[in-house]
Amino acid sequence: MTISTNINQYIQNSLIRGKLCKWDKQIINVYITQITIQIENKELMYSLVNKAIISWNTLLKNNRINIQFNQIQYPSNADITVNWIQVGRIYEGMCKYLSVIGNSIKKITIEIGLPNAYGKNITELSIYCAIMHEFGHALGLGHGIEINDIMYVPHQKNITIPSENDLYVLNRIYNP
Ligand SMILES: [Zn+2]
């Protein structure tokens, strides 16, 4: 795999108010709210977020990007709050930058869409892919340029690990 020749487009997509933005601390506390909506397999949903956090942490470490997600049990010190929603037909995820100061990300919420009667295309795999994608936004990534980028939209339902492009842009953000 190689970096796409139009990688600058991906970098452009990642600008927040004209800048590449990042966390300026190394441990990012993640608080996962309880699922209050009636669904069958809540434990599976929590485990998919856990799996995504472990996967990103391993990738970050292996690529010498000095930042790690840390799951916490109480909301008070959360940098990222993961919420669950059940709306729409194919809604899968959303990342909101609640606070960005200069080029520093301070607070984020991630919303993960739960399976519902209308979401016939929502599977365990597609939820996991959506969670990986939203945590990519949480690191400061915008949307990708190739279908195998984890940050590409419309999101491919079977892309679970970041591409060379994704990692290149992350490195541009954290190790410029
Ligand atoms: Zn996105």
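Author: Helices (H or I, at least four residues) and strands (E, at least two) are here DSSP runs, numbered from the N terminus. The model is predicted, so local features require pLDDT of at least 70 and side-chain atom pairs pLDDT 80 or more, whereas totals for chains, interfaces and linings use all residues. Residues are numbered from 1 along each chain as its sequence is written, and side-chain values use heavy atoms, with hydrogens and water left out.

Reader: Which residues are the protein donors of the zinc ion?

Author: Donors are N, O and S atoms within 2.8 Å of the metal (3.2 Å for Na, K and Ca); water is not among the atoms, so sites may look incomplete. In sequence, the donor residues follow the spacing H-x3-H-x5-H. At 2.0 to 2.1 Å from the zinc ion, each through NE2, lie His133, His137 and His143.

Reader: What separates His133 and His137 in helix α3?

Author: His133 is buried (under 20% relative accessible area, with exposed over 50% and partly exposed in between; 1.4 Å probe, protein chains only), at 5%. His137 also counts as buried, at 11%. Because they stand four residues apart in helix α3 (residues 124-139), the separation of His133 and His137 is about one helical turn.

Reader: Which backbone nitrogen does the side chain of Asp79 reach?

Author: Asp79 belongs to the loop between β4 (68-72) and β5 (80-85), and its relative accessible area of 6% makes it buried. Setting aside residues up to four places away in sequence, Asp79 touches (heavy atoms within 4.5 Å) several residues, including Trp23, Ile27, Lys106 and Ile108. At 2.7 Å, its side chain reaches the backbone nitrogen of Asn29.

Reader: How many residues of strand β7 are buried?

Author: Strands pair if DSSP finds at least two bridges between them. Strand β7 (residues 104-113) is joined to β5 by six bridges in parallel, one of them linking Thr81 to Thr109. Eight bridges join β7 to strand β6 (residues 93-101), and these two run antiparallel. Strand β7 is largely enclosed by the rest of the structure, because the number of its ten residues that are buried is eight.

Reader: What is the radius of gyration of the chain?

Author: The chain holds four helices and seven strands, in the order α-β-β-β-α-β-β-β-β-α-α. The globule rule (2.2 Å times the number of residues to the power 0.38) gives 16 Å for 176 residues, and the chain is close to this, so it is as compact as a globular protein of that length. Taken over C-alpha atoms, the radius of gyration of the chain is 16 Å.

Key. A polar contact is a pair of N or O atoms within 3.5 Å; within protein, one must be able to donate a hydrogen and the other to accept it, and residues adjacent in sequence count only if both atoms are side-chain atoms.
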